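Thanks for taking a look at this one with me. Please open the sequence and the model side by side, then read the points below in order.

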Amino acid sequence: MKLYLASLGAGLLVGIVYSLINVRSPAPPVVALVGLLGILIGEQIVPVAKNLLAGDSLRAAIGLADCSDHVLGQLPGRQSAAVEPPQDTPLRDTPPHTPPGS
């Protein structure tokens, strides 16, 4: 919650400075927010595509890329952004490694 309040405070401070020096914001707020959303989603395309090319389903690829935590941040009320899987559980079905020449 502190992060959200700090972000809001920084935005208010910049808005006050813009007003004092009679400068308009560089983009209409809706346009700026849509652009930021595009950047956040665009950043996730490569990790998801890598997981898809590795043979994962779309749902698994999105989960492995951890998109929701990156795009939305840690939402209020969540204890941890990432839950570690048990050590003996593989993240995806992969054949066991066999040494060369066996």
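1. One term before we start: a contact here means heavy atoms within 4.5 Å. This is a predicted model, in which local features need pLDDT of at least 70 and side-chain atom pairs count only at pLDDT 80 or more, while totals for chains, interfaces and linings use all residues. Residues are numbered from 1 along each chain as its sequence is written, and side-chain values use heavy atoms, with hydrogens and water left out.

2. Helices (H or I, at least four residues) and strands (E, at least two) are DSSP runs, numbered from the N terminus.

3. Next, the surface. Of the 102 residues in the protein chain, 8% are buried; buried means under 20% relative accessible area, exposed over 50%, and partly exposed in between (1.4 Å probe, protein chains only). The accessible surface of the protein chain is about 8,700 Å², and carbon and sulfur atoms account for 68% of that. These areas come from the Shrake-Rupley method with a 1.4 Å probe, and for residues only the protein chains shown count as cover.

4. Now to the loop between helix H1 (2–20) and helix H2 (29–53), where you will find Asn 22. Its phi is near 55°, a positive value in a residue other than glycine. Most residues other than glycine have a negative phi. Asn 22 counts as exposed because its relative accessibility is 71%.

5. UniProt, in an unreviewed entry, places a "transmembrane region" at residues 29–49; such annotations may be inferred rather than shown by experiment, and feature names are shortened, with positions given in the numbering used here. In the model, residues 29–49 are 100% helix and 0% strand, with the end C-alpha atoms 31 Å apart.

6. How do H2 and H3 meet? Gln 44, Pro 47, Val 48, Asn 51 and Leu 52 in H2 meet Leu 58, Ala 61, Ile 62, Leu 64 and Ala 65 in H3.

7. Finally, follow Ile 62, which sits in helix H3 (residues 58–65). Beyond its neighbours within four places in sequence, Ile 62 is in contact with Val 48 and Cys 67. The C-alpha atoms of Ile 62 and Leu 52, ten residues apart along the chain, are 8.9 Å from each other. Is Ile 62 buried, exposed or partly exposed? Ile 62 counts as partly exposed, because its relative accessibility is 39%.
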